[in-house]
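I opened this entry to keep track of what I looked up. The structure comes first, then my notes.

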Amino acid sequence: MMYKTFLRNSAVIIVAATLALASCKTKKDTVTPSLTSADDNGGYASDAAKLNQNSNDVISIADVAGTSGGSNLRTTATTLGGCATITNDTTSTPHLLTIDFGTTGCVCADGKTRSGKILVTYTGHYKDAGSTHTITTSNYYVNGLKTIVHKTVTNEGMNTAGQYWYSVTVNDTIVLGVDSMISWTGTRTRTWFAGYGTTDRSDDVYLIGGTTVLRRANGNVFTHTISATDPLKVAIGCRWIESGTETISSTSFTGGDRVLDYSRGGGGCDALATVTIGTHTYDITLH
């Protein structure tokens with residue numbers, strides 16, 4: 001009898017232990033592992049945010065310098081926020097608009113320190129549908145970082161929502177340090193979502209679409225394809241992308257493409273985003 005009792009108790013212990021192990025395994029399998037890749041953990045997202053903000057900023061400065069409430073480019077020298085001297089050469093073909101922030105650096109109305117020049121070549125009226133302007137830079141620095149820009153912006157007129165939109169080809173670089181830089185190339189669409197009717201740059205908001213190829217300082221390359229139904233929302237007054245999603249692909253990835261969503265935290269001006277890899281979604285902080 002004692003032998004039977006021992007066997008029965010042993011069986012109960014073995015079953016309980018087996019269930020406990022199964023329970024632990026199931027619980028472990030449901031835990032999302034932490035992001036260990038520096039590229040995934042805010043890397044390509046942060047670089048894309050920097051390039052997006054910088055690209056939009058340069059085009060917006062050209063917009064302000066190139067318009068005076070009407071459709072014509074300025075014809076006299078003036079200043080931008082008390083910081084840049086603007087000259088417009090209409091005798092050359094194509095015409096040349098020069099936005100000169102000087103060589104020593106000037107703190108502009110948005111609080112950023114800029115030096116160097118933004119150069120805009122154009123034909124026709126700046127705000128006319130179909131007009132094209134090409135933007136380049138010469139020794140241009142923003143907050144101490146050299147920014148090299150080459151983009152062509154075409155005014156596509158109004159969309160069905162009554163918003164002005166532009167097609168943009170980009171080839172930009174930000175020099176982070178000696179032998180360290182980030183760059184991208186590609187095509188984008190840029191829709192003027194808010195602030196078009198005012199003279200204040202700080203209330204300008206744009207919706208960005210398209211595809212770009214990003215090269216990080218570590219040499220890894222990423223293709224960013226913005227969702228056609230959820231474009232990136234970029235405000236002049238915010239250093240971060242406020243909302244929108246894009247798919248990231250790269251030969252350096254394991255586990256397939258990533259989906260990057262900038263709407264974490266409600267979609268306001270913050271450094272919060274998420275990246276989805278397979279069935280797991282991770283919170284990341286841009287830097």
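I began with aspartate 47, which forms a salt bridge with arginine 216, the closest N and O atoms being 2.7 Å apart. For this term I used a side-chain nitrogen of Lys or Arg within 4 Å of a carboxyl oxygen of Asp or Glu. Aspartate 47 lies in helix α2 and arginine 216 in the loop between β11 and β12, so the pair ties together parts that are 169 residues apart in sequence. I took helices (H or I, at least four residues) and strands (E, at least two) as DSSP runs, numbered from the N terminus.

Before going on I noted the basis: this is a predicted model, in which local features need pLDDT of at least 70 and side-chain atom pairs count only at pLDDT 80 or more, while totals for chains, interfaces and linings use all residues. Residues are numbered from 1 along each chain as its sequence is written, and side-chain values use heavy atoms, with hydrogens and water left out.

My cut-offs were under 20% relative accessible area for buried, over 50% for exposed, and partly exposed in between (1.4 Å probe, protein chains only). Arginine 216 also counts as buried, at 13% relative accessibility.

I then looked up arginine 216 with aspartate 39. Their side chains meet in a salt bridge of 2.6 Å, N to O. This pair links distant parts of the chain, 177 residues apart: aspartate 39 is in helix α2 (residues 39-66), and arginine 216 is in the loop between β11 (205-215) and β12 (221-226). Both residues, arginine 216 and aspartate 39, are buried.

Another pair on my list was aspartate 57 and arginine 114, whose side chains meet in a salt bridge (2.9 Å, N to O). Aspartate 57 is in helix α2 and arginine 114 in strand β5 (residues 113-122), 57 residues apart, and the pair links distant parts of the chain. Aspartate 57 is buried at a relative accessible area of 2%, and arginine 114 is buried at 1%. Which residues do shared partners join into one network? I found Asp39, Asp47 and Arg216 joined by salt bridges in this way. My search of the whole structure found 7 salt bridges.

I turned to the cysteines. A disulfide is a covalent bond between the sulfur atoms of two cysteines. I counted a pair of cysteine sulfur atoms within 2.5 Å. How many disulfides does the structure hold? I found 2.

One is formed by cysteine 83 and cysteine 106, with their sulfur atoms 2.1 Å apart. Cysteine 83 is in the loop between β1 (78-80) and β2 (84-89), and cysteine 106 is in strand β4 (residues 106-107), 23 residues apart. I noted cysteine 83 and cysteine 106 as buried.

Cysteine 238 and cysteine 269 form a disulfide too, their sulfur atoms 2.1 Å apart. The torsion about their S-S bond is about 95°, so this disulfide is right-handed. Cysteine 238 lies in the loop between β13 (232-235) and β14 (245-249) and cysteine 269 in the loop between β15 (258-261) and β16 (272-277), so the pair ties together parts that are 31 residues apart in sequence. I noted cysteine 238 as buried, at 2% relative accessibility, whereas cysteine 269 is partly exposed, with a relative accessible area of 46%.

With the bonded cysteines numbered in sequence order, I wrote the pairing as 1-2, 3-4. Cysteine 108 is in no disulfide, and the nearest cysteine sulfur, that of cysteine 83, is 3.1 Å away. Cysteine 108 counts as buried, at 10% relative accessibility.

Last, I looked at strands. The chain has 2 helices and 17 strands. Strands β9 (residues 164-177) and β10 (residues 180-194) pair in the antiparallel sense over 12 bridges; I took two strands as paired if DSSP finds at least two bridges between them. Serine 167 has threonine 189 in β10 as its bridge partner. The hairpin of β9 and β10 has 2 residues between the strands, and aspartate 179 there takes a positive phi near 55°. β10 and β11 run antiparallel, joined by 11 bridges.
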